[in-house]
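User: I am new to this structure and would like to learn how to read it. Please take me through it feature by feature.

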Amino acid sequence: MNKIKWGIIGLGNIAHQFAKDLALIPNAELSAVGSRNTEKALDFSQKYGAKRAYNSYDQVINDNELDIIYIATPHSSHADLTIKSLNAGKHVLCEKPVALNKEQTLQMVEASRANNKFFMEAFWTRFNPSVREALVKIRSGEIGAIKYINADFGFNIGIAEGRMIDTRLGGGSLMDMGVYPLFLSYLVLGMPKKILAAANFYESGADQQTSMILHYDTAQAVLHSSFISPSDMKALISGENGRIRLNAIWHETQSYTVIKNNHEVDYQFPTVGKGFSYEIEECHQCILDHKIESNLWSHDDSLNLITIVDEVRKQTGLKFSNN
Ligand SMILES: NC(=O)c1ccc[n+]([C@@H]2O[C@H](COP(=O)([O-])OP(=O)(O)OC[C@H]3O[C@@H](n4cnc5c(N)ncnc54)[C@H](OP(=O)(O)O)[C@@H]3O)[C@@H](O)[C@H]2O)c1
């Protein structure tokens with residue numbers, strides 16, 4: 001079988017983790033990597049065996065050997081780089097959050113449709129084996145109608161500068177981490193009827209921590225993200241007849257627990273590698289099937305999630321300097 005040829009743009013923290021897992025997939029080839037820095041591109045390409053190393057993103061985008069580009073840059077550049085890549089005839093897997101807002105996301109989806117190229121937000125948790133299995137149980141009614149979700153994602157980043165808190169780059173805990181609890185509530189309960197949110201802020205204007213209530217007709221979710229203190233990083237989904245816990249660190253979990261009648265049963269689903277292989281395999285399958293979006297994390301799913309994020313930002317007052 002022909003290998004699917006990947007390019008990676010932006011060679012930071014997540015690009016390294018992704019490249020390690022990409023190497024675990026037999027029909028994936030890391031063909032090209034692009035950085036703003038020549039030495040970084042060369043080091044990365046040597047470390048992970050990429051065939052070509054470029055010192056600009058445009059060279060990756062215009063590399064005609066590539067099938068798909070993984071975009072691993074700060075959030076503020078996701079829309080622009082995704083649209084350029086799609087217009088250059090590449091499929092795209094773009095890191096979360098998909099973009100800064102719904103308007104940008106609509107443009108990304110439009111570019112995918114116009115070019116008939118696959119595009120997906122890299123919401124890897126959607127493809128995590130424990131999360132998928134837990135969702136099957138939830139949807140089959142194992143714990144009854146869902147009434148309450150409690151999920152958080154917090155740690156003390158211990159720095160007061162850099163990409164994560166730079167509002168020119170879409171910084172703050174909401175966009176880096178808060179999107180995960182929001183994702184879980186959306187995955188299980190869909191679009192909320194009402195959203196309540198409040199945040200504390202850095203001097204930069206980025207949020208230090210954000211608390212959110214998603215209110216539904218018959219359920220509620222209480223969610224939190226933080227850059228200034230650690231949390232348990234467990235997620236609880238509670239139904240009328242029991243509850244399911246996605247065990248820590250829940251967004252990349254290796255197991256879940258069903259708790260019913262004071263009795264706990266653990267279900268272990270250890271991930272292959274760090275857990276990026278599942279979203280990679282989904283990209284491959286969609287490309288081979290000539291699909292422009294995944295059924296599991298569709299364009300509408302990304303649009304709906306960013307619509308929720310937009311409302312949270314409106315309520316907390318989180319503004320980006322370029323948006
Ligand atoms: N799925 C996950 O689990 C996960 C985890 C962490 C992050 N993410 C997402 O992945 C994206 C990147 O996060 P990261 O933690 O990898 O960030 P990072 O370590 O700061 O790396 C981001 C890379 O983007 C490039 N870049 C382009 N313009 C930049 C700018 N103005 N400032 C800083 N870097 C710039 C740089 O690559 P070059 O120097 O090579 O050009 C940099 O190394 C974010 O959108 C984040 O939300 C996802």
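Analyst: Start with helices and strands: these are DSSP runs, H or I of at least four residues for helices and E of at least two for strands, numbered from the N terminus. Helix 2 is followed by Gly49, whose phi is positive, near 70 degrees. Overall, the protein has nine helices and 14 strands. The model is predicted, with local features needing pLDDT of at least 70 and side-chain atom pairs counting only at pLDDT 80 or more, while totals for chains, interfaces and linings use all residues. Residue numbers run from 1 along each chain as its sequence is written.

User: Which residues of helix 2 are buried?

Analyst: A residue is buried if 20 or more other C-beta atoms lie within 10 Å of its own, exposed if 12 or fewer, and partly exposed in between, with C-beta atoms placed from the backbone. In helix 2 (residues 38-48), the buried ones are Ala41, Phe44 and Ser45. They lie on the same side of helix 2 because they cover an arc of only 100 degrees around the axis, the arc being that of the directions from the helix axis to the C-beta atoms. Glu39 and Gln46, on the other side of helix 2, are exposed.

User: What do the buried residues of helix 2 pack against?

Analyst: Contact is the idea here: two residues are in contact if their C-beta atoms, placed from the backbone, lie within 7 Å. The buried residues of helix 2 pack against strand 2 (28-34) and strand 3 (52-54).

User: How is the protein divided into domains?

Analyst: Domain bounds come from an automatic or database domain assignment. Here the assignment gives domain 1 (4-124) and domain 2 (129-270). Seven residues from domain 1 and seven residues from domain 2 make the contact. The centres of the two domains, taken over C-alpha atoms, are 27 Å apart.

User: Where does the ligand lie, and which residues are closest?

Analyst: A residue counts as near a molecule or strand if its C-beta atom, placed from the backbone, lies within 6 Å of it. The ligand is surrounded by 22 residues, and the closest are Gly10, Gly12, Asn13, Ile14 and Ser35. Helix 1 (residues 13-22) provides the largest share of this shell, three residues. Both domain 1 and domain 2 give residues to the shell, so the ligand lies between them.

User: How much of the protein is buried?

Analyst: Buried residues make up 50% of the 323 residues. Along its principal axes, the C-alpha trace spans about 55 × 50 × 35 Å.
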